[in-house]
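Open the structure in your viewer and keep the selection tool at hand. We will go from stop to stop, and at each one you will hear what to select and what is there.

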Amino acid sequence: MAPPRLYLDWNATAPLHPAAREAIMRAIDIFGNPNSVHGEGRAARAAIEGARRKVAALADTDAANVVFTSGATEAANLVLTPEFSMGRTPLRLGRLYYSAIEHLAVREGGRFPQDRTTEIPVTDAGIVDLNALAALLDAHDKSAGLPVVAIMLVNNETGIVQPVEEAAKIVHAHGGLLIVDAVQAAGRLPIEIERIGADFMIISSHKIGGPKGAGALIARGEALMPKALIRGGGQEKGHRSGTQNSLALIGFGAAAEAALENLGERNAAIAALRDRLEAGMRAAAPDVIIHGLGGPRVANTIFFTLPCLKAETGQIAFDLEGVALSAGSACSSGKVGESHVLAAMGRDAKLGALRISLGFSTTDGDIDRAIAAFGKIACRRRSAGEAA
């Protein structure tokens, strides 16, 4: 009998957290429309507002600053727009600047025309170049509107933590807005929005153990908000129309609450598992390249290249060994291509790289199995090279 499959692709999606599962099952009969005034509607509304408070706690902010969406991609498209208002006063934004390693949902520019977007380079360590950011903003034409800057807190491929707090000071000194993709940071780092200096923050339910189909745009305050992307009945205070997905949001709230519990202790344990896995990988294949090694990384992510092994081939090989991992981002319609993150870092992107990501239920036994699978694949790669 084959052993159960080993899931090491938590950055793509996390398994449903037991707390989220329990919350959803308890709420399965809360069927009322949360925008109705009768008892059933009020019950649904109360459950959603409870979830909103729990999600807001992730960013250490008020529940009133949380706008629920269908996911992080929708949240990005909502906030990446040149049309904002400060209360009832329109605010004109001229150009979007985004780091070269941003997720595709940000790199597409949202509602900014492509000719009003500019890429910010990163260093060869995969960290946004703050000097380049400052130079770009120095040259920004303010007569066309204020600048908007998008920098992710944690890169989804390398796991490298970006200097967002320092970037915020630069952006605000130039009168701009800072939008932070915190999808891979939530549940792995403290993401207090005020401390970080973000004007807006994007998070996703299914990355932290909640159900798919839910996300949030978190603002630093209630006054400044983007023009609505989805208009209609005026739900979410008019920021996102459409009847809320009660069950998904309730699960999202439960996952957010669980993500804050024992955050430091849990991530220290995951970091120890990651370090042991990396040591085993280097022992099996001394030429393995671990991107971002030695830099500021979240505890759970390993992004690596095995020379002479294409990422697509490696992903299939691991899958055949019963191990699920990714070749970079999982949001490219299942395609395995050159990593724009590696290219931005000045690395050879032709072979690509594989991403291992761990989570709250990863065990020592899982690491043993991962090291064994890696060793087999590395050995076959050497044999193929020698035969050639």
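A residue counts as buried when its relative accessible area is under 20%, as exposed when it is over 50%, and as partly exposed in between. Please keep in mind that this is a predicted model.

**First stop: a salt bridge with Asp199**

Select Asp199 and Arg220, which form a salt bridge with their closest N and O atoms 3.1 Å apart. Asp199 sits in the loop between helix H7 (193-196) and strand E8 (200-204), while Arg220 sits in the loop between strand E9 (215-219) and strand E10 (224-226), so the two are 21 residues apart and the pair links distant parts of the chain. Is Asp199 buried or exposed? Its relative accessibility is 11%, so Asp199 counts as buried. Arg220 has 28% and therefore counts as partly exposed.

The structure holds 20 salt bridges. Select Asp9 and Arg355 for another one, with N to O at 3.4 Å. Asp9 lies in the loop between strand E1 (6-7) and helix H1 (18-26), and Arg355 belongs to strand E14 (residues 354-357), so this pair ties together parts that are 346 residues apart in sequence. Both Asp9 and Arg355 are buried.

Now move to Glu321 and Arg380, whose side chains meet in a salt bridge at 3.3 Å, N to O. Look for Glu321 in the loop between helix H10 (311-320) and strand E13 (323-324), and for Arg380 in helix H12 (residues 364-387); 59 residues separate them. Glu321 is partly exposed at 25% relative accessibility, and Arg380 is partly exposed at 43%.

Colour residues 6-15 and 262-380 as domain 1, and residues 22-260 as domain 2. Their C-alpha centres lie 27 Å apart. In the contact between them, 29 residues come from domain 1 and 33 residues from domain 2. About 2500 Å² is buried between domain 1 and domain 2, and carbon and sulfur atoms give 53% of that area.

How many salt bridges cross the interface of domain 1 and domain 2? The rule finds zero, but it does find 17 residue pairs in polar contact there. To see the side of domain 1 that touches domain 2, select helix H9 (263-284), strand E12 (301-305) and helix H11 (340-344), each of which supplies at least two residues. The residues on that side divide into 12 nonpolar, 13 polar and four charged.

Select helix H3, residues 72-79. Six of its eight residues are buried, so H3 is largely enclosed by the rest of the structure. Which ones are buried? They are Ala72, Glu74, Ala75, Ala76, Leu78 and Val79.

**Last stop: two positive phi angles**

Go to Asp60, in the loop between helix H2 (39-58) and strand E2 (66-69). Its phi is near 55°, a positive value in a residue other than glycine. Asp60 is exposed, with a relative accessible area of 57%.

Finish at Asn262, in the loop between helix H8 (246-260) and H9. Phi of Asn262 is near 50°, again positive in a residue other than glycine. With a relative accessible area of 55%, Asn262 is exposed.

Methods
Residues are numbered from 1 along each chain as its sequence is written. This is a predicted model: local features need pLDDT of at least 70, side-chain atom pairs count only at pLDDT 80 or more; totals for chains, interfaces and linings use all residues. Side-chain values use heavy atoms; hydrogens and water are left out. Domain bounds come from an automatic or database domain assignment. Contact means heavy atoms within 4.5 Å. Buried area is the accessible area (1.4 Å probe) that two parts lose on being put together, summed over both. A salt bridge is a side-chain nitrogen of Lys or Arg within 4 Å of a carboxyl oxygen of Asp or Glu. A polar contact is a pair of N or O atoms within 3.5 Å; within protein, one must be able to donate a hydrogen and the other to accept it, and residues adjacent in sequence count only if both atoms are side-chain atoms. Helices (H or I, at least four residues) and strands (E, at least two) are DSSP runs, numbered from the N terminus. Ala, Val, Leu, Ile, Met, Phe, Trp, Tyr, Cys and Pro count as nonpolar, Asp, Glu, Lys and Arg as charged, and the others, Gly among them, as polar. Buried means under 20% relative accessible area, exposed over 50%, partly exposed in between (1.4 Å probe, protein chains only).
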